[in-house]
Every structure is written in structure tokens, then in C-alpha cells.
Amino acid sequence: MKRPVGITVHRQITDSQQMHKEATGDLSGLLTELIVAGKIISAEVNMAGLADVIGDSGKTNIQGEEVQKLDEFANNTIKRRMARSGFVCVMASEEDDEIIPAREGYEGKYTLAFDPMDGSSNIDVNVSIGTIFSIHHRKSQEGQGTLQDILQPGNTLVAAGYIIYGSSTMMVYSTGHGVHGFTLDPSVGEFFLSHENIRVPERSKYFSVNEGNYHYWSPVMRDYIQYFKEIDESSGRPYSSRYIGTLVADFHRNLITGGVFLYPSDCRNPDKPQGKLRLLYEASPLAFLIEQAGGRAVNDAGQRILDIQPESLHERTSLILGSKQDIDVLESFLGKK
Ligand code: P6P
């Protein structure tokens, strides 16, 4: 059903809620609070070049990365709003070592895991950055949420999405009924439907990887990535290489135009191949979105990202996601076909 022009994200959320008679409005409320946080962060990002929010805060996070001032602002904005929203019982953030409790008496029925400012290393050079979020039902019955409430696989996600702060600010999310994109009109402060029911093209024309890591990849990954560079006009290869270095921005381009994003494991330690990206609040929510849009998301062993059971809060994974047919090809390189 084609929506009329001018549909706001709030209208979309309300309409989705009405599709579920048992809905209490809590998920709608949670998404609405996230949208408000996104608008506040967007305003700060747009001021980054002018106000004193560029540069690092002098702190480092659990990842050992310098915490940029906008990172901290985004993290605190989301935590403060959600902790007293009454919609979440526990949260997890890339910027916090441990789980984040809801305010006493305000515990809700959902959990929220998020990367408040993905791509923060690009803040100072005015490249797109973004907030990624994922929402599960709590597993515990009541009161403060637990680590087990947070450590759920992507195949139990209720909703996931991102807000990308780029040439325009967009919110892209799914509650399991397709992927929809909304663009912020800063003159009225509303997100309007701009990309309804996004479908990722079955076959892509871009591959997106940091080639500087070539010597750290497994031989299978080197062969698979070489495949995209070979000349085969019947399959539209060679693909063009596009790599921004902000996961949300690389993902968003591939979602819209078709493409394969890859961050393979670093195989310097063959006993413990280490991915860079985090499972809970980066790979899992984006895997949910790409599958909702008709694509695929696997790790470099070919395992479906959404089926991976997280064992720890900041667990990393390799990630290959995008156009279905180009991910299917990986299986022949893994010897599964
Ligand atoms: P590399 C940004 O720091 C980030 O976490 C993701 O947003 C991005 O995809 C990746 O790291 C880039 O990593 O090693 O290519 O700089």
C-alpha cells in the first residue's frame, strides 16, 4: 500500500501498533523516545563544526578507543531519556563497560542495546556517522533487567534501526514488517517517510571492505573478495569499491543501491580469529534490517548473524552483509556447494 506524501514516523509507528490488537503502546513509546534522542543528537552533530563538541573527551571506552565528545553526548542523551521512559528494564551501550539499569520504579518490558555514535573516528572530518539500536522483549519477569535479558540472539529481535547523521538526518528502522526510511525536515523538526518498504537489490554493484587488512584475512576471504574484482560482464563484475569507514554509512548505501559490506576476521591468531565489529549493537541490528529488506548477513564462516547467541556484552564478530545473491556466492568459496 503506497502511503500518501507527508507521513510522519509517528504516524507510521501508530499505524504499525494498530496492526497488533494486543499492543500496549510501549514499543511505540520506546521508538518515540529514541526519535526525540535522535533529533537532539542531530542538532548537536550539525553544530559540531561550530561548538566545542569536536575532538576527544580525554577518556577511553572498553574498546580502548578515545571517547569523542559527541560520543559521550549521544550516549548520555539516550541513557537519560530511556532510563526514565518506563519502556526498558535494562540497556547496553558501546560506551559503557557494564549493563545500564532503568531508573528504580521505571522498569519496562523491553531491552535496548545501542551504539550511540558509530563511526566517531570520522566526526572531525565531517563524514557521516550514526546511532544504531536494537530492541528485545525482556526475558526476566519484573524489576531490574539482567545481563541475560540483554544477551539475546538477533532472531528474537522485536525492532532495530539506525539514525544516520549525513547530508540529511535519516531514521531507518523495522519492527518486522519491512524496512522504512524517514528523513528529518529540520525546518519543522519532523521525520517524514522518504523510503517506503526498502528492498535491497538481489545482486549488487559495490563491494565495501578495508583493503588495508588484506594480509590479515583468511585465504578464503581473499579469494571471495577477489571475486568481486574479476571481469565477468554477465554478472556485472568487477564491482566498484566503496568504503566510507562508518559502518552505518556503508550499510545505508548498500541497503539502497545494493552492495556487499565485509569486515572479515583478523586471522593473525588462527586459534582466535577476531572480528572488529560488535555483535549485539552493530552486526545484529543491521543483520535484522538487511534480512527484512531481502538481503543476507553472515559471519566469515557463513553462519547467519541472527542465529549467533551472544556470550558477552561487547563480543565481536566478522560481518558480511548485503545483496542476497552475492552473499550466496560465499558458500561456494567455503566449500558448502
Ligand atoms: P576500519 C568505526 O570506527 C567502525 O567501528 C565502523 O563504523 C566501521 O565500519 C569500522 O569501524 C571501520 O574500521 O578498521 O576500516 O577503520
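Analyst: What follows describes the interface between the domains.

This is a predicted model, in which local features need pLDDT of at least 70, side-chain atom pairs count only at pLDDT 80 or more, and totals for chains, interfaces and linings use all residues. Residues are numbered from 1 along each chain as its sequence is written, and side-chain values use heavy atoms, with hydrogens and water left out.

The protein chain splits into domain 1 (9-195) and domain 2 (206-333), with bounds from an automatic or database domain assignment. Their C-alpha centres are 23 Å apart. Domain 1 gives 47 residues to the contact and domain 2 gives 32, where contact means heavy atoms within 4.5 Å.

Together the domains bury about 2,800 Å², with 64% of it on carbon and sulfur atoms; buried area is the accessible area (1.4 Å probe) that two parts lose on being put together, summed over both. Of the area that domain 1 buries against domain 2, I132, L151 and Y162 supply 20%, more than any other three residues.

The rule finds one salt bridge across this interface, a salt bridge being a side-chain nitrogen of Lys or Arg within 4 Å of a carboxyl oxygen of Asp or Glu. R278 forms a salt bridge with E94, and their closest N and O atoms are 2.9 Å apart.
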